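This briefing covers one protein chain.

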Amino acid sequence: MSAAETGNIKKSLSFIAYEKIKEMILNMEIAPGSSLTEMGLIEQLGMSRTPIREALYRLEQESFVELAPRKGWFVAEIRLRDIQELFLIREALEGISTRNATHRLQQAQLLQMQAYLATLEPLLLADEAAVGDPGDSLHEMIFACIDNHYLNNIMTNYIDRLRQFHIIASRLPGRKLQSYYEHCEILQALIARDENRAEQAMRHHIQSSMNSILDCIINKTPL
């Protein structure tokens with residue numbers, strides 16, 4: 001095997017380790033502030049030390065993990081400022097997207113979404129934890145409708161961090177049901193073709209989600 005082929009395999013293993021560790025962090029399988037040991041990851045992922053170490057250094061560059069002198073690796077804590085800054089960006093982008101989608105979405109799409117959301121309310125009232133996030137489909141429909149390459153690229157840059165916060169919010173008691181009613185308000189504004197109301201409803205939803213997460217972090221609510 002040539003040196004180039006060996007290097008490619010090594011790089012590939014490093015990337016696989018990076019993806020797996022990052023996925024565990026974003027899905028909150030490893031809690032913020034938790035210790036990470038190379039030996040533990042070696043056993044868990046079934047890889048050698050080199051790709052694990054390279055993956056950790058890459059994650060450190062992206063601020064997902066931190067290396068503390070004489071203590072080792074830790075999952076980065078979630079900071080209030082990070083939440084506030086990211087949600088400020090999200091509120092602006094999704095507010096604009098919703099406004100632009102108001103007159104682009106087909107009525108059949110909106111009515112189909114309305115029927116889908118209607119099926120979720122009794123499920124949420126019966127067992128909130130067993131239901132997925134009620135608003136994901138609506139957000140996806142809005143972004144697919146505006147078909148803005150630049151906007152999608154900007155959102156992609158923040159999607160990983162937002163996914164982590166999304167999971168935190170969805171685990172808070174009552175948050176999914178509250179989110180459901182917020183999305184119903186967004187949808188009603190879209191059906192009425194009221195772009196001002198639709199944008200404000202989306203902005204309100206983003207602010208509400210942010211406030212729930214901030215309360216959770218500040219009050220140290222168990223997740």
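By about how much of the helix are F15 and Y18 separated in helix α1? The two residues stand three apart in helix α1 (residues 3-26), and therefore about one helical turn separates them. The model is predicted, so local features need pLDDT of at least 70 and side-chain atom pairs count only at pLDDT 80 or more, while totals for chains, interfaces and linings use all residues. Residues are numbered from 1 along each chain as its sequence is written, and side-chain values use heavy atoms, with hydrogens and water left out.

**Aromatic pairs and a charge over a ring**

- Rings of Phe, Tyr and Trp (its six-membered ring) pair if their centres lie within 6.5 Å; planes under 30 degrees apart count as stacked, over 60 as edge-to-face and the rest as tilted.
- By this rule there are four aromatic pairs.
- One of them joins F15 and Y18, a tilted pair with 5.9 Å from centre to centre and 35 degrees between the planes.
- F15 is partly exposed at 39% relative accessibility, whereas Y18 is buried at 4%; buried means under 20% relative accessible area, exposed over 50%, and partly exposed in between (1.4 Å probe, protein chains only).
- Y57 and W73 form an edge-to-face pair, because their ring centres are 5.1 Å apart and their planes meet at 80 degrees.
- Y57 belongs to helix α3 (residues 49-61) and W73 to strand β3 (residues 72-75), so this pair ties together parts 16 residues apart in sequence.
- Y57 is partly exposed, at 40% relative accessibility, and W73 is buried, at 4%.
- R58 lies over the face of Y18, 3.8 Å from the ring centre; a charge sits over a ring if NZ of Lys or CZ of Arg is within 6 Å of the ring centre and within 35 degrees of the ring normal.

**A buried serine**

- S212 is part of helix α9 (residues 195-218) and is buried, with a relative accessible area of 16%.
- Apart from neighbours within four places in sequence, S212 is in contact with L172, R175 and Q178, where contact means heavy atoms within 4.5 Å.

**Positive phi angles**

- Most residues other than glycine have a negative phi.
- R70, which is not a glycine, has a positive phi of about 65 degrees.
- The loop between β2 (65-68) and β3 holds R70, which is exposed at 85% relative accessibility.
- R193, also a residue other than glycine, has a positive phi near 60 degrees.
- R193 lies in the loop between α8 (175-191) and α9 and is partly exposed, with a relative accessible area of 24%.

**The chain as a whole**

- The protein chain has nine helices and three strands; helices (H or I, at least four residues) and strands (E, at least two) are DSSP runs, numbered from the N terminus.
- Their order from the N terminus is α-β-α-α-β-β-α-α-α-α-α-α.
- The C-alpha trace spans about 60 × 45 × 30 Å along its principal axes.
- Of the 223 residues, 41% count as buried.
- Among contacts between residues at least 6 apart in sequence, 77% join residues at least 24 apart.
- The accessible surface comes to about 12,200 Å², with 53% belonging to carbon and sulfur atoms; the area comes from the Shrake-Rupley method with a 1.4 Å probe.
- There are 23 positive and 29 negative side chains, and the centres of the two sets lie 5 Å apart.
- Lys and Arg count as positive and Asp and Glu as negative, without His and the chain ends; each charge is placed at NZ of Lys, CZ of Arg, CG of Asp or CD of Glu.
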